[in-house]
Amino acid sequence: MKKKLLAMLLTGAMAVTLLAGCGSKADSAKTEEETNTETENTGETADASEENPDTAADAAAGGSQTLKVWCWDPTYNINALNVAADIYREEHPDFELDVEEIDGESISAKLATASTSGELNTLPDIILFDDTGFQKSVISYPEVFLDLTDYGFNYEEFSPGKVGMSSVDGRHYGIPFDSGTAIACYRTDILEQAGYTIDDFTDITWEDWIEKAKHVLDVTGCPLLNGLSCYNQLTIMLQSAGGSFFNEDGTANLTDNEILRKTIELYTQMVEAGVYTEETGWDTYIGGMNTGRIAGAMNGCWIMSSLRAAEDQSGKWQITNLPSLDGIEGATNYSSQGGSSWAITTNCANPELAVDFFKSTFGGSTKLYDEILSTGAISTWLPASNGEKYTLPDEFFSGQPVFAMITAYSANVPECYVGTYFRNAMMDVANAVTEIIYSGTDMDSALSAAQDTLNFEMSQQ
């Protein structure tokens, strides 16, 4: 699922490169006094629930025991929901989920219609959101999202970078789901030809990586990485140091952005040295790894399913963490690419039930994450790494316990501000990088033009 979603985004970026419920039926138009009263009551319920878990269970038991959900992908997201429902039903036999399969774009359209018309009663209890669009939705439609900050979720048990994707102004609006934690994967047999092991690419910096990648290329003829334009690679490198395309107030920040400039500088070096190959389509991107033309992969952990397609390479791959940005304060060897989170709407007729469901499953069940691991759904709930299946060695990746490793990596992913116009910014930056590499435009001019374009786009939306 993640691959398909990201492929849609990458296709757009490549085009730039190539061209230069149980919903309440009550009236949603409440008075300010009613709204304040509801907010106070919610806070009291949350505090009581946090102090006494039985209180939450008692509250969840009242009212409708069915939750309506909007989300996409039957084999991935909907499957995870159904497994979670089965687990929750062991203690709550009357619990039911009414899941409607709706793609992300349709969810956005329905959300806009409900918000502008004031008919929030058309919304379900729970909605799944792509992480890169979560903050935009909360900022655009704040009346839709239930503020979960005081409902007793232990957000410290989730990856910080993941939690940040569904937080706005220090408030929490999402329940983190699947991991997009970024990993570096390498063909160890090819590294060995150049005299290296996986340890030589662990806990290193990008400058060190580039020098070693040049040596691998000289000896074996294989570039270490490839990708579609710079879309994935730049965002991975940017978030590894907690970087963003925006200032904290949401204004564009491209021209004087130290972290962005460093990522572009390094990315340019990689392309010009031939150690990173820009591909023209998804098939050639994945084919490069599967055929041995490319000796590595760096992306969200979902990329492992594509690597496994080359069954003859089992035992020839290993994973490790990422290089860090040289000379940047706060730079780490960890990042993320992709993923989604759940939201509870203000239209939910039984928010205590929804909260208890998520606390008991996506935020409290190693059994759930063990069972859905077969679909590629890796947890960002950190205790999941203690699950039985997470600690098993993976034959394809040379016996490494890759799922436990990835969950451990996710604990170190920095938070970054995504904002409302992330995708606009990324497309504009991708265009600027193309100008820098292929037209010889200096970075100052290219980023200045990109910021002007982004400011215009922000003024029109």
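This is a predicted model: local features need pLDDT of at least 70, side-chain atom pairs count only at pLDDT 80 or more; totals for chains, interfaces and linings use all residues.
**Entry 1: the chain**

I started with the overall counts. The chain has 461 residues, and 56% of them are buried. I found 18 helices and 12 strands in its secondary structure. I then looked up the surface. The chain exposes about 18,400 Å², with 47% of that supplied by carbon and sulfur atoms.

**Entry 2: helices α9 and α11**

Next I looked up how α9 and α11 pack. Helix α9 spans residues 206–220 and helix α11 spans residues 258–273. Their axes lie 11 Å apart, at an angle of about 5 degrees. Angles under 35 degrees count as roughly parallel, so I logged α9 and α11 as roughly parallel to each other.

Which residues meet here? From α9 I listed Trp206, Glu207, Trp209, Ile210, Lys214 and Leu217. Their counterparts in α11 are Lys262, Leu266, Gln269, Met270 and Ala273. By class, I noted 7 nonpolar, 1 polar and 3 charged residues in the contact of α9 with α11.

**Entry 3: the sheet β10-β7-β11**

I turned to an open sheet of 3 strands. The order is β10-β7-β11, and the pairing is antiparallel. Which strands stand at the edges? They are β10 (296–300) and β11 (317–320). Each has a single partner strand, so one side of each lacks a neighbour in the sheet. From one strand to the next, the twist averages 25 degrees.

I then checked the pairing of β7 with β11. Strand β7 covers residues 182–187 and pairs with β11 over 4 bridges, in the antiparallel sense. I also noted Tyr186, which stands opposite Gln318 in β11.

Key. Residues are numbered from 1 along each chain as its sequence is written. Side-chain values use heavy atoms; hydrogens and water are left out. Axes are lines fitted to C-alpha atoms, for helices over the stretch in contact, and angles run from 0 to 180 degrees between N-to-C directions. Helices (H or I, at least four residues) and strands (E, at least two) are DSSP runs, numbered from the N terminus. Angles under 35 degrees count as roughly parallel, over 145 as roughly antiparallel, 65 to 115 as roughly perpendicular and the rest as oblique. Contact means heavy atoms within 4.5 Å. Ala, Val, Leu, Ile, Met, Phe, Trp, Tyr, Cys and Pro count as nonpolar, Asp, Glu, Lys and Arg as charged, and the others, Gly among them, as polar. Two strands pair if DSSP finds at least two bridges between them. Buried means under 20% relative accessible area, exposed over 50%, partly exposed in between (1.4 Å probe, protein chains only). Accessible areas come from the Shrake-Rupley method with a 1.4 Å probe; for residues, only the protein chains shown count as cover.
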